[in-house]
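Subject: The two-chain model

Hi there,

Here is the structure I promised to send over. Have a look at it first, and then read on for my notes.

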Amino acid sequence: MRLNKGDQQAMSELYDRFSGALLGVIMKVIPDQATAEDVLQEVMLKIWNNIGSFDTAKGRLFTWMLNIARNQSIDKTRSKNFKNSSQNSSIDDSVYLSETISSGSGNADTMDVQSWLLHLPEENRKLMHLAYFIGFTQEEISKELDMPLGTVKTKIRNSLILLRKKLNVS
Amino acid sequence: MDLSCIIQSGDLELYVMGMLPPEEASKVETLAQLFPEIKQEIDAIAQTFEAGAMQMAVTPSAAVKDKLMSALNAKTETSSTSVPGKVVEMKTKAEERSSFNKLSIAASWGLLILLGGLSVYLFNTNKQLKNDVAAMQQNISGYENQMTGLNKKVNSYEMYRRLKTDSSVQTIMLASVKEGVRQQAEVFWNKNTGELFIDPAFLPQTPSGKQYQLWFIADGKPVDAGMINMSDSDVLQKMKECKGAQAFAITLEKEGGSPTPTMDQMMVLGKVS
C-alpha cells in the first residue's frame, strides 16, 4: 500500500475521499464545526502516524479510520480542557433526539447531517448514539437507559440488522 | 462448529463498535480469520457504519487540508534528515525481521493455545449440556412415573367408592387360614354381572418365582379367578368373571398360576354370606 511508505499524495487522496465522512462522525460528538475540524486534523495525523500498524487482514481501512475519529472525538469531550472551556453541549440529548444537528456556524452542509440513526425507533436510536458516538460501555448504557445488560446487546444487534436493511448493506 | 450462535450473539456488533474488552476482541479476530462467515458478518456490520458515515458527511473547510498537508510536509522533512546511514539501516531491518519472526511464532502459539482452549471449553460445555439434558430427562421420566402411579391410585379409589356404594356388589373379607399370621384380602363381587375385583393391599409380598392366585368355589369345585399382581398391590385389580361363587380363596402358586390350587399353600379364605 502506498500509504505505508508515507506517501503524501496517497494521504491527500485519502483525505479527499474520507475527510467528509470523518468530519460528519466527529460532529456527531462535537457539533461545533471549528472544534470538530481541529479534531479532524488530529485524526488525520494519527492516521498518518499509525497507518503502519493497520492490518488489512484484520479489518477495513475506512472502519479503522472511523474508529480513530470516534475515539479521538470522545477522548476530546472527556478531556479536562474541553469540559472546562467548551460552551457546546455535545452530550446533549438534542443531538440524537433532534432531526438535524443544530449548528450556529450556518454552514449549509450541517443541514445535511441527517442522522442515519433516525432509521431506528427512538429507544434504539438513543442506545446506539450512546454506544457509538458517546462511547458508553454496555454497563453504562444499561444504567443510563435502565435496561438489563443482555437487552443492551440484543438491541444493538437488532438496530444493526435494521440499519443494514435501510442502508442497503448486503 | 455452529457459527450462527456466534453471529447472533451480538458480540460481532460490539466488536466493530470497539465495545469488547481486548481479550474478547482478539478472540473475535481469531474466529474471523478461521471462519469466512464470521469475517463476512463483521464486514457487513462495518459497512453499515461506513454507509452511515458517508450519509452524514460534512465537507471540511478548505483550510483544514492545507494545514494538514503542510504539517505532513514538515514531518516528512524532519524524519528524512534523521535517516541514519546505510549500515545501521540494514541492521534495523534484520532486527525487524527477527522480531517479526518471533512475533509470528508467538502469534501462532497464541492461536494454537486459544484453539485448544476453545475446543476444551466447547467440549466441556457440550458435556455439561448433555449431562443436564440427561438429568432433566431422568427427572421428567421420574415425574411421569409418579403421575401414572397417582393416576392409578385415583382410579382405584374411584373404583373402590363405586363398588362400595353399589348395592349389588358384595364385599367378602378373606381372612388368614393360618393362626397368628396377619394377612387378609378383600374381594368385591357383583353376583349379577360376574364382575370381580380384589384388593390385595394386606397380603405379604410373595417370594420370588411365586405368585398369588385367586380361586372361587362353585358347586364345591375351585375355579381359577386370575393371578394377583403384587407389584400393583396398592390398587384394586380386576379379576376374571365369576358366577355362582360360594367362597373365595387365595393360594401361593408358581409364577403364572396352576390349573388346580395347591391346598397346603392356601393363604386366605372367605365365604360368601
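Below is what I found, chain by chain and then where the chains meet.

Please keep in mind that this is a predicted model.

Let me start with chain A. Chain A has 170 residues, and 34% of them count as buried. Looking at its contacts with a separation of 6 or more, 55% come from residues 24 or more positions apart.

Chain B brings in a sheet. Eight strands make up this open, antiparallel sheet, in the order β5-β4-β7-β8-β1-β2-β3-β6. The edges are taken by β5 (221–227) and β6 (237–238) of chain B; each has a single partner strand, so one side of each is left without a neighbour in the sheet. Further in, β1 (residues 169–176) of chain B pairs with β2 (residues 184–190) of chain B in the antiparallel sense, over seven bridges.

Now to the place where the chains meet. Here 44 residues of chain A are in contact with 35 residues of chain B. On the chain B side, α2 (11–16), α4 (36–55) and α5 (62–81) are the elements that give two or more residues. The most comes from α4(B), with 13 residues. By type, this side of chain B divides into 20 nonpolar, nine polar and six charged residues.

Methods
Residues numbered from 1 in each chain as written. Chains lettered and ligands numbered in written order. Predicted model: local features only at pLDDT ≥ 70, side-chain atom pairs only at ≥ 80, totals over all residues. Buried ≥ 20, exposed ≤ 12 C-beta atoms within 10 Å, placed from the backbone. Contact = placed C-beta atoms within 7 Å. Helix = DSSP H or I, 4+ residues; strand = E, 2+ residues; numbered from the N terminus. Nonpolar A, V, L, I, M, F, W, Y, C, P; charged D, E, K, R; others polar. Pairing = 2+ DSSP bridges.
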